[in-house]
Each structure stands twice: as C-alpha cells, then as structure tokens.
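Colleague: Please show me the model, and then let us examine the terms applied to it.

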Amino acid sequence: MATGTAAMAAMAARIPVSTWPTATRLSIFHGQVPKWSHRPRFSLSHSSISASSSPSTSRKLVLYSKPGCCLCDGLKEKLQAALRLSGPDSIQNVELQIRDITTNPCWEKAYQYEIPVLAVVRSDGFEETLPRLSPRLGIELIQKKLAAALSE
C-alpha cells in the first residue's frame, strides 16, 4: 500500500514519472493505465518534424498514431502544414514528434481506441492531451487551436 501512496503523492506533486522509484512505476503501469490529463512523458519516439531550423526548439507536440490509420495520417499532414503556415497565428519553434503506439505496450494500451491523440509537452515535462481535432478542420483553424494550446 505504501507504493500506491507514494505514487499518488508523486502525481499530486507533478513529479515526472522518470524520477519515481522503479517499483512504483511498475506497480502503477502494470495494471490499467490511469486516466489523468497530464500523462507522463515517454522517451521513445517514432519520428520528429521541426517547424523551425533552429536547434533550440522550445515547444513540443506529440502525435500518437499507428501505421495504416487514415485519421492519423490525415492529422499528421494537417499538423505539418499548420506548423509551416505563416500568418497571425504562426507557430514558431515547435517540434512535432510522431509516436507509433505499436512500438510501446504502454502507449498501445492507453491509446489503442483513441488514436490519433495529440498532446503538448509542458515545460515541466508532462504531456497534456489536447481535445480531439475534427478531421474536417481547415489548416488555418488547426493552426489557431495549436497556437492557443501552446500559449497556455
């Protein structure tokens, strides 16, 4: 029971999972994946696309997807276009990571019925899942929504 108490205290204090003792991480993720809005960061990624040539990218978006998912492919294309688009809601210095959920059992269990899932990585290292973007949204509106989410 002490492990569960420590895990809850760490989540409440918003301590990154990577700093938890191994036994605590295993006890939490061995069973059902918890449903919290600030999910812990993961270190594996499928690919990255940067919206800027600057090596000091300060903001990061993560798209959880899997091969053969037409909704994931469509959102990935729109996100890439929105990151390149200029205008009043232009998004600068943003890295888009594409994570294949089939490469990580935790991701697959958490997102298998929800992909595509888009998350923003906050400055403290936690991922905040963003509301699902409609496949019918235009690139300009996606850019506006991303700019709002990244500015929070």
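Colleague: What makes the residues around Ala 119 its contacts?
Modeller: Contact means heavy atoms within 4.5 Å. Leaving aside neighbours within four places in sequence, Ala 119 is in contact with Lys 60, Leu 61, Val 62, Glu 127, Glu 128, Thr 129 and Leu 130. This is a predicted model, in which local features need pLDDT of at least 70, side-chain atom pairs count only at pLDDT 80 or more, and totals for chains, interfaces and linings use all residues. Residues are numbered from 1 along each chain as its sequence is written, and side-chain values use heavy atoms, with hydrogens and water left out.

Colleague: Why is Ala 119 called buried?
Modeller: Buried means under 20% relative accessible area (1.4 Å probe, protein chains only). Ala 119 has 0% relative accessibility and therefore counts as buried.

Colleague: Why is β5 described as largely enclosed by the rest of the structure?
Modeller: Four of its five residues are buried, so the description applies to β5.

Colleague: How do you know that β5 pairs with β3 and with β6?
Modeller: Two strands pair if DSSP finds at least two bridges between them. Five bridges join β3 to β5, which run antiparallel, and three join β5 to β6 (residues 127–129), also antiparallel. Leu 118 in β5 is the bridge partner of Leu 63, while Val 120 has Glu 128 in β6 as its bridge partner.

Conventions:
Buried < 20%, exposed > 50% of the residue type's maximum accessible area, 1.4 Å probe, protein only. Helix = DSSP H or I, 4+ residues; strand = E, 2+ residues; numbered from the N terminus.
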